[in-house]
Amino acid sequence: MGITRIPGQEMMDKAKIDLSALIRHFNVHNRTEGKSPRTVEWCDEVLGMLHPWIKSEDLSTALKDLDEMVIRQFILYVQSRPGTEGASLSSHSVYNRVNALRSFFNWIYQMGYSNENILGRLRQPRCIGILAGGCEGVRRIRTYFRQSNC
């Protein structure tokens, strides 16, 4: 079963694409690139929170209307949510959610949907170190697994 192309689709203004379509495309990309089911699930979970949050704030979900400040406001929302073992999410949970957002918006840029990576200047939030090595330890572990093709 092939994909039906709409005549002139390639000329369409990519910036007008709704975030929900990009989230679906990102899901397909991740699954066909061999990402683990858990990684795909994790990204879907985070992005599945983003789209309804944007709508609940009466903001546009068109790519052209999203900017770093909108996503920062979403991150504040995520940081304020209750965690499983405390009044708010752990710094590691927030770090991982921000990582999923950064991956998504980098993918949007890399695929040519946007002329800039709107989160290119966004730094990861600080982790409060429960793990040995704190955030740097998390980065080293991720690098190891990426290099090992795990």
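## An exposed loop residue

At 72% relative accessibility, Asp58 counts as exposed. The cut-offs are these: buried means under 20% relative accessible area, exposed over 50%, and partly exposed in between (1.4 Å probe, protein chains only). Asp58 sits in the loop between helix 2 and helix 3. Its phi is positive, about 55 degrees, although Asp58 is not a glycine. The residue comes just after helix 2.

This is a predicted model, in which local features need pLDDT of at least 70 and side-chain atom pairs count only at pLDDT 80 or more, while totals for chains, interfaces and linings use all residues. Residues are numbered from 1 along each chain as its sequence is written, and side-chain values use heavy atoms, with hydrogens and water left out.

## Confidence

The mean pLDDT of the protein is 79 (pLDDT is the predictor's confidence in each residue, from 0 to 100). In all, 70% of the residues reach 70 or more. Among the elements, helix 1 has the highest mean pLDDT, 94. Helix 5 (residues 134-147) has the lowest, 70. Over residues 1-12 the pLDDT is below 50. That stretch has one contact in the model beyond near neighbours in sequence. Where pLDDT is low, the predicted coordinates should not be read in detail.

## Overall fold

The protein has five helices and zero strands. Both are DSSP runs numbered from the N terminus: helices are H or I with at least four residues, strands are E with at least two. Along the sequence the pattern reads α-α-α-α-α.

Of the 150 residues in the protein, 35% are buried. Contact here means heavy atoms within 4.5 Å. Take the contacts with a separation of 6 or more: residues 24 or more positions apart account for 66% of them.

## Helix 1 against helix 2

How do helix 1 and helix 2 pack, and at what angle? The angle is about 175 degrees, with the axes 10 Å apart. Axes are lines fitted to C-alpha atoms, for helices over the stretch in contact, and angles run from 0 to 180 degrees between N-to-C directions. From helix 1, the contact uses Leu19, Ser20, Ile23, Phe26, Asn27, Asn30 and Arg31. From helix 2 come Val40, Cys43, Asp44, Leu47, Leu50, His51 and Ile54.

Buried residues in helix 2 include Val46, Met49 and Trp53. His51 of helix 2 is buried too, with a relative accessible area of 15%. Not counting residues up to four places away in sequence, His51 touches Asp18, Leu19, Ser20, Ile23 and Thr61.

## Aromatic pairs

The structure holds eight aromatic pairs. In one of them, the ring centres of Phe26 and Trp107 are 5.2 Å apart and the planes are at 55 degrees, so the pair is tilted. Rings of Phe, Tyr and Trp (its six-membered ring) pair if their centres lie within 6.5 Å; planes under 30 degrees apart are stacked, over 60 edge-to-face, and the rest tilted. Phe26 lies in helix 1 (residues 19-32) and Trp107 in helix 4 (residues 91-110), so the pair ties together parts that are 81 residues apart in sequence. Phe26 is buried at 5%, and Trp107 is buried at 7%.

Phe74 and Tyr77 also pair: centres 6.0 Å apart, planes at 35 degrees, so tilted. The two are three residues apart in helix 3 (residues 68-80), about one helical turn. An α-helix has 3.6 residues a turn, so residues three or four places apart point the same way. Phe74 is buried, at 0%, whereas Tyr77 is partly exposed, at 32%. Elsewhere, one aromatic cluster is formed by Phe26, Phe104, Phe105, Trp107 and Tyr113.

## Tyr109 and the segment after it

Tyr109 is in helix 4. Is it buried or partly exposed? At 36% relative accessibility, Tyr109 is partly exposed. Leaving aside neighbours within four places in sequence, Tyr109 is in contact with Ser114, Asn115, Glu116 and Asn117. Tyr109 and Leu119 are 10 residues apart in sequence and 9.8 Å apart in space, C-alpha to C-alpha.
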